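Have the structure open as you read.

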Amino acid sequence: MRPFLLIIWLFPLWVTAQPDTARSSFFTTRLGEYNPTRTLVHNLLHTQLDLRFDPSKRQAAGTATLRLTPWFYPQDSLVLDAKGFLIESVTLLDTNRAKPGATPLPYRYADGRKLRIGLPRTYTRRDTFTVQIRYTARPDELPKTVRVGGATSDDKGLYFINPDGKEVGKPRQIWSQGETEANSAWFPTVDTPNEKMTQDFRLTVDNRYRTLSNGQLVSSTRNADGTRTDRWLQTLPHAPYLAMVAVGEFAYVRDSLPPTPDRRGLEVSYYVEPAYGPVARGIFGRTPAMITFFERAFGVAYPWHKYSQMVVRDFVSGAMENTTATIHQEGVQMDARQLVDDNSDAVISHELAHHWFGDLVTCESWANLPLNEAFATYAEYLWFEHARGRDEAELHRQSDLFQYLSEAETKQEPLVRYRYLDREDMFDSHSYQKGGLVLHLLRRVVGDEAFFASFKQYLTKNRFGTAELADLREAFETITGQDLNWFFDQWFLSPGHAVLRVEQAYASGALTLTVTQRQDSTGVGPGFVSAYRLPLLVDVWVKGQKTRYDIELNQARQTFTFPATQQPDLVLFDADQRVVGVVDHPKSKAERQFQFKNAEGYRARADALNLTPDEGNGFEDPAQVQTLLAALDDPLWRIRQLALSRFVNYTGPALGTLEPLVRVRATRDPKSAVRAEALATLATFRNPANSTVFKAALSDSSYAVVAVALENYLKNKPADANAVAAQYARTTTNGAVLGALAEYYADIADPRQYEWFNNTLARIKSGERYNFLLAYGKYLLLSTPTLQKRALPTLEVIARADASPYARFGAYQALGLLLDLPGVDKLRADIRATEKDEQLRAIYKQMGE
């Protein structure tokens, strides 16, 4: 699963080292009761499920036929997870007779969550038996969850989207979401990750709809009542939380992989809303190449019978790796022009990788969730490294590092932790981002060949089974021949991260580095690592020549000495940026300039650009300016973007040279993000002549560029401003462009635009509403109290119930501009108190609200 990542205002353009403040007294380690792996009393071998949906009641009528066997000890009863059902009957099927019979079974269902069934005799582990439950699933009548954190915003299992068709422009859909233990809200099962079953799902739907489920579609039968029954069969075992169903009107686009010695041709298919059918391959078309790459990287062929991806509305997470049938939230659905700016390869590769790490080999308990999520997160890095190059991969890893460090300011836990308060707590930036960072560090410690051979060992040994952390460690130890307890203890089983201070000195032909590990300097409690064992690289340049040294940290304070015939040009500590944590190593301007010209890799070049502007007119040091000007031609788009951002509001002596270069980047750079950054920087030069550049950029192929151009063109109030604004108000549906337009209308504060704001808000995708809502709040702030009061119900509904946390946060901030209205302060307090999303709650807390 990939959760929404709320990095709206927390993700700056620059990520710099954080000294010993990285672990403050503000964070907490949350310890609950020990949560063991669930004891398995029975083994669920197979589930046959017949489902017929009733959207008008938001219910599903089901017949579940389960084949089981006692796990080890003899059993005369059976307990199934079954949440909120109406139970019609429970019977034992005698499948051994020539004419199968059914014997009613006694059951108890007092709590509405556990179905306790009495069996007619005691069964041993050499017996199998089949029970059949007829029931009605009522997910919308389940008690509201008091608290849902982690990766999902709800846990009712089965969702009916726009079932009555009253929401104009929104398709009618039905879909499920099982992780962690929500599938038992729509079919009875043993709802735990350490169970594995095969399945046969038969879905009866209106004939106009498509269906999707796990495995292969083996038959599709039209019924006399205008419905159709689709049968989806999965013959390979997987965990119950990975089962899925989906129903709706979708365009179906099929790709495939050619046959290999291990399998016949593999179906790779995409289900999108009909309007996106023509661009489905633009969205997902790199999936076959990803499968081929992961098969080679992991050393194990894709193990399942197909791979489908579907986009649904109002999904309660970012995406979900249901076996053979991944579901994505609607944000991945982009038109051809949006795809100019970016694609969703990160989440697409993440969910695909789960089909090895999570689906083929499943964490045996939620405490071991990093065995699923750390690997899927690191697979994003691996795909970028393969498809886009090392620099792009390092840029992505830097984002992961920042995401983890941001969370670590308020929370530091072991990666594998059994004493969580709620299993949803496991779905955090520790299990995902930190886990991926730790795997990268492990790769650097053991080397590439051993690293990927250990992947294969782990996947092969635990194939179609479950695993815990010890299984991963043993796989690496089997391949490397090393005892790796030290690594797993400090990085998987201990909280925190490395906080390093590096001081350097040169005297008498020797370079001395003094390294202090400061992560335990605050003395916040047991369990933290006071001194990490860290094998690292140090690069030393003397007279323009680089020498690389291997060192190992293992003490709280250590000194390392290296030969040097003169004062080094540069010392690059942690030369390949493998440290999980922060490194504080002060450098002079001259050293940073040398670093940009000579050091390899995105992270080193980006850090070198983190120059300090002098007081007054930007950068007075000509060498600094020249370094930044050189960065405008860097091969990596992000470096060019960073350099442009450093010239914001520049008025120094190099402006005459700089401004034409920025114009070139605004019009000719191959990366739309750089063109947009160049336009934003150009606007800060306050040169009226640049208005022609902004107007020309309105025809750019990129929505992101058009949005920046439109905002800055209209900001200058040219004679045709109203006409240009009206044109975009009529024709565009893109959220970024509409956000820029909203800024213009907000500045004017014309009451006649109120209906435009409301109508436009209703048609923008949830995930694109954030900037628009901020502009709407600004518009309302400058409007009359009457208009402000009219807007309150709309903002409240979005802030409380929108599917996107971005939109909820935007509406909450807009309400913050209306605090003069009676009751708004109390309303915002209640919104904060009832918010379920853990990341959004953390943001509210960081805002001091």
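A charge counts as sitting over a ring if NZ of Lys or CZ of Arg is within 6 Å of the ring centre and within 35 degrees of the ring normal. Please keep in mind that this is a predicted model. With rings of Phe, Tyr and Trp pairing if their centres lie within 6.5 Å, the count comes to 51 aromatic pairs.

**Charges over rings**
- R125 lies over the face of F72, 4.2 Å from the ring centre.
- K671 takes up such a place over the face of W637, at 4.8 Å from the ring centre.

**The pair F187 and F201**
- The ring centres of F187 and F201 are 5.8 Å apart and their planes stand at 70°, so this pair is edge-to-face.
- F187 belongs to the loop between β10 (173-176) and β11 (197-206), while F201 is in strand β11, so the pair ties together parts 14 residues apart in sequence.
- Both F187 and F201 are buried.

**The pair F298 and W356**
- F298 and W356 form an edge-to-face aromatic pair, at 5.2 Å centre to centre and with 75° between the planes.
- This pair links distant parts of the chain, 58 residues apart: F298 is in helix α2 (residues 287-298), and W356 is in the loop between α4 (345-353) and β21 (361-363).
- F298 has a relative accessible area of 1%, so this residue is buried.
- W356 is buried as well, with a relative accessible area of 0%.

Methods
Residues are numbered from 1 along each chain as its sequence is written. This is a predicted model: local features need pLDDT of at least 70, side-chain atom pairs count only at pLDDT 80 or more; totals for chains, interfaces and linings use all residues. Side-chain values use heavy atoms; hydrogens and water are left out. Rings of Phe, Tyr and Trp (its six-membered ring) pair if their centres lie within 6.5 Å; planes under 30 degrees apart count as stacked, over 60 as edge-to-face and the rest as tilted. Helices (H or I, at least four residues) and strands (E, at least two) are DSSP runs, numbered from the N terminus. Buried means under 20% relative accessible area, exposed over 50%, partly exposed in between (1.4 Å probe, protein chains only).
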